Amino acid sequence: MMNKLADQYHIYDDTQPLAEAAANFIVLKIKACLKQQPRCRIALPGGNTPAACLEALSKQTLPWSQIDWYMGDERCLPIGHAERNDTMVSQTLFNGQGPSKKQFFPIKAELGADKAAKAYQAQIEAFDALDIVILGMGEDGHTASLFPNNKALTKQDSVVAVFNAPKPPEERVSLGLNTLIKAKYRIVLAPGEGKQEALKKLTLGESLPIGLIGPKHWFLDHAAIAD
Ligand code: 6PG
């Protein structure tokens, strides 16, 4: 079992209870944040796993107008493309039951990685730090669009252009490592057998991008945990 002190593990039997528990956890963190400050800034994940959690989150009762939504990363594809991460969040979190998109700030990845990263950097640097970053994890231990042995992982910028990503599309935009580290809370949704290998490598001390982002709350199921 993983025993990294700074990380906390929330383990569930199945993906739906995990999604609901993660949504409830995020609600608690949002409420705690709004007790301290007038706005809560959250970065949303990409990939497929988070869909159920974001769907569950959309059904919660929260002061949505006090929350600003950002993207943790985006794929350089045309607006509305089925494989864009903001398409997934539009179909789940912004499905009409929960928050509106008035306070949603997508990454303009359709402009190309360099241009989009520069533009998003200005938005992200308009405040000190994100409050909550919700992330997935790839089977190689990547998170957002920070991949192992990719130059973007070592860039110091708050938002980075990503090229030669091993997971298509090759060109992406991602919050930089420092931005993830600076956030108050990091929540990683990583259920499924496919995540086992990366989790095992982390336990054995291998350096993977997900392991570099700072203390995090893992939401895992038994399928993801190698005994
Ligand atoms: C992306 C995501 C990426 C994703 C992981 C896990 O653009 O692909 O941002 O970091 O979270 O690859 O993806 P799944 O949740 O689909 O396994």
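Seven strands form an open sheet with parallel pairing, in the order β1-β10-β9-β6-β2-β3-β5. Strands, like helices, are DSSP runs numbered from the N terminus (E, at least two residues, for strands; H or I, at least four residues, for helices), and two strands pair if DSSP finds at least two bridges between them. Because β1 (8–12) and β5 (104–105) stand at the edges with a single partner strand each, one side of each has no neighbour in the sheet. Strand β9 (residues 185–189) pairs with strand β10 (residues 217–221) in the parallel sense over three bridges; Leu189 has Phe219 of β10 as its bridge partner.

The model is predicted: local features need pLDDT of at least 70, side-chain atom pairs count only at pLDDT 80 or more, and totals for chains, interfaces and linings use all residues. Residues are numbered from 1 along each chain as its sequence is written, and side-chain values use heavy atoms, with hydrogens and water left out.

The ligand is surrounded by 15 residues, the closest being Thr49, Asp73, His142, Ala144 and Lys195; a residue counts as near if one of its heavy atoms lies within 4 Å of the molecule. By class, this shell holds two nonpolar, eight polar and five charged residues, where Ala, Val, Leu, Ile, Met, Phe, Trp, Tyr, Cys and Pro count as nonpolar, Asp, Glu, Lys and Arg as charged, and the others, Gly among them, as polar.

| Side chain | Distance to a ligand oxygen atom |
|---|---|
| Lys167 | 2.7 Å |
| Arg172 | 2.8 Å |
| Lys195 | 2.6 Å |

Of the 420 Å² of accessible area that the ligand has on its own, the protein covers 92% (Shrake-Rupley method, 1.4 Å probe).

Ala144, among the residues closest to the ligand, is found in the loop between β6 (132–136) and β7. Its phi is near 50 degrees, a positive value in a residue other than glycine. The peptide bond from Pro168 to Pro169 is cis, with omega near -5 degrees, and Pro169 lies in the loop between β7 (159–162) and β8 (172–175). Most residues other than glycine have a negative phi, and most peptide bonds are trans.

Methods. Polar contact = N/O pair within 3.5 Å; in protein donor to acceptor, adjacent residues only side chain to side chain.
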